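Hi,

Here is the structure I said I'd pass on. Have a look, and my notes follow below.

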Amino acid sequence: MESSKRSNTWKYILAFVIIVIHFVPIYMVLAIAFKSPYDHSSRWAFPGYVYLKNIHTALERGGMLLALKNTVIISGISILLIVVVGAMAAYPIARNRNRMNNLVKGFIMGVMMIPPLSILVPLYSFMAKVQGINSYWGMIVTLLTFQLPTSIFLFSSFISSIPIALEEAAAIDGCGPFQTFFRIIMPQLKPVTASVVIITGVNCWNNYQFALYLLQSPKIKTITLAIAGFFSADSANVNGAAAAAFLGILPVIVVFLFLQKYFIQGMVDSAIK
């Protein structure tokens, strides 16, 4: 009994430490974003006032509105393709359990282990040849390529838990493979779809390394590039960067609050299989 209490105590302590680790960066962003640049108090001290000029600086000088628009377009289209293509690719892998599909699934998991930066040079050379630099489609294709393995892995694990009797009943009613997938399987994927949207969506939204090389034009910069623009070799506007970061994380927080129920359920169900 005492040993179980001790184990639970350590769990609560560990959970508290994890919460603090994740909360500290958000606290720092808020404290600095709403503090005057002329306030030389500790950055850990939350201001007793609200200084909104940093938000204005982020919007005007940092071009956050343009960056938000570009990020929404790139991330939105990427996430849509990641979900649709990932689910359609995962369906035959989950249902046709043979040696070839096991090899394909193993290959997909292997691709997930490859560091994206390790192939940045050939990727940039290829994109330059096909005129994918400074274009929406070039960035979208790159994000789709690197996020699809995660999507396929989660979808295939979840689809394996869906009873095949549903598809057999649909086939008796005259549904073809595509009708069965979109009418029977896809509606069952809401929980894991939320997980895929959040996991891959955050990666697309926060991507910096690919955006830095593929989106060199100021007209097509994303949020991460806009925030980086507040720093240079000669100066750094930390308050403006914090305000830009605050504007950049707001949409992600809102989406997560709406999808957190399905996210947790999808992750648990996928992990079980």
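Leaving aside its neighbours within four places in sequence, which residues is Ile108 in contact with? They are Ile93, Pro149 and Ile152, where contact means heavy atoms within 4.5 Å.

Before the rest, some ground rules. This is a predicted model, where local features need pLDDT of at least 70 and side-chain atom pairs count only at pLDDT 80 or more, while totals for chains, interfaces and linings use all residues. Residues are numbered from 1 along each chain as its sequence is written, and side-chain values use heavy atoms, with hydrogens and water left out.

Ile108 lies in helix 4 (residues 99-112); helices here are DSSP runs (H or I, at least four residues), numbered from the N terminus. Ile108 counts as buried because its relative accessibility is 11% (buried is under 20% relative accessible area, exposed over 50%, partly exposed in between, with a 1.4 Å probe and protein chains only).

Now the packing. Helix 4 meets helix 6 (residues 136-159) at about 135 degrees, with the axes 9 Å apart; axes are lines fitted to C-alpha atoms over the stretch in contact, and angles run from 0 to 180 degrees between N-to-C directions. The two are therefore oblique (under 35 degrees is roughly parallel, over 145 roughly antiparallel, 65 to 115 roughly perpendicular, the rest oblique). Residues making this contact include Lys105, Ile108 and Met109 of helix 4, and Pro149, Ile152 and Phe153 of helix 6.

Over in helix 5 (residues 120-129), Leu120, Leu123 and Met127 are buried. Just after helix 5, Gln131 has a positive phi of about 60 degrees.

Cheers
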